[in-house]
Amino acid sequence: MTILRRNIPLLYTFSFLQMTLFPMAVITLFWKDHIGLSLSQILLLQSIFAVSMVVMEYPSGYISDRIGYRTALTAAAFLGLAGWSYYTMATSFRDVLIAEVLLGISTSFISGTDSAVLFESLKANGQEAAYTRCEGRSTFFGQTGEAAGALFAGVLYAKYPLLPFFLQVAVWLLALALTRGLSEPRREPRRHGSHLAEAIASARYVFVENRRLRVTVMLSVVLGLSSFYPVWLIQPYMRDCGVPIASFGPVWAGANLIVALFAVSSHRLRAFLGDRGMILLVMALVLGGYLGLGLAAGLWGFLFYYLLTAMRGMRGPFLLHVAQAEIPSATRAGMLSLQSLCFRLMFALTGPLVGLYADAHGVRHTFRLLFYAYLVILPPLIWLFLRQLGKKAEI
């Protein structure tokens, strides 16, 4: 059990390294200015990235449950190292596509596995109730890492466009070394039967048998998309608003620090507001963020993006804890991967459409359209979620 306690700080460090993305704050500009991609191509590229994750999302989680969490995270580190190394040689859409597919598969091996090993390590030490706090801290370290990477991204990019990518390769070398220090927690034995039968049983449990888990997954996917579209639109939005490119790094760092602060405070906010107050605040942040981005046109309009990043920090640990409580230990990584699969699939279907609309009508009009879409979608979905929470409390 003492060995498993060591997993917690190692996972925090891995989260920090995974999210220390030096190119992220300027990557849309890199794609547009140096590779020559349009916004629709960029969103198409991210949809292909999402498809690569959709293809591997559940298999990677299933493999993690079978071969072990540490082995899966080591494989992810190898793939991440390969993807960023390929980026340093990219000159065309095809090159970027290959790099993104490698990174997509890497992310799919991390998705679900990191949360599963965290939960199982805490469970083995009788600290299951601390999961929301620890997941929030993991997100805090991850977003702090991204903020640190973004802080000087604009300056690095202006000095030499490939410099952020070379630094990223070094980061993944460190992540690869770190995965070897993780210890594998003991879990419930897996169900007997064919791999296909287990996969079908897991999917049936998530999407049919457990209503509370199904609604939680649906809400998490919809909220995840609300904070993901702006990631690819905010950079051209800021340039349209006259924000200097040298300021992109600090702006991106500020966004990630807000995610970090709200993630680490998520369990306290939940205790103070209750589940109903927490989820209603999440909805208000989504609608307020999109409305502000859609209406504001001045230099500081991008600040409304920070409302969406605050929501992102709050909802992750909260909804993950709700989902984790419903998932059996033997199939934890696989079922968490199913949630990520749904998110990636929905982005693959909707991302290119958002990009086409942004190319045709501008980013501000796109944010206004997304405001109206979430105004229609969120209230009934949140009502269903709160209804399921209420039923659980009655039981």
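Which residues of helix 2 are buried? They are Asn7, Ile8, Leu10, Leu11, Tyr12, Phe14, Ser15, Leu17, Gln18 and Met19, where buried means under 20% relative accessible area with a 1.4 Å probe, protein chains only. This is a predicted model: local features need pLDDT of at least 70, side-chain atom pairs count only at pLDDT 80 or more, and totals for chains, interfaces and linings use all residues. Residues are numbered from 1 along each chain as its sequence is written, and side-chain values use heavy atoms, leaving out hydrogens and water.

**Helix 2**
- Because 10 of its 13 residues are buried, helix 2 is largely enclosed by the rest of the structure.

**Nonpolar core**
- The largest nonpolar core has 128 residues; such a core is a set of buried Ala, Val, Leu, Ile, Met, Phe, Trp, Tyr and Cys residues joined through side-chain atoms within 4.5 Å.
- Helix 12 (residues 211–240) gives the most to this core, with 16 residues.
- Trp31, Tyr87 and Phe385 have the most contacts inside the core.
- Tyr87 touches residues including Phe30, Trp31, Leu103 and Phe165 (heavy atoms within 4.5 Å), leaving aside residues up to four places away in sequence.

**Lining of the largest pocket**
- Helix 12, helix 16 (332–361) and helix 17 (363–394) each supply at least two lining residues.
- Helix 17 gives the most, with 6 residues.

Conventions: Buried < 20%, exposed > 50% of the residue type's maximum accessible area, 1.4 Å probe, protein only. Helix = DSSP H or I, 4+ residues; strand = E, 2+ residues; numbered from the N terminus.
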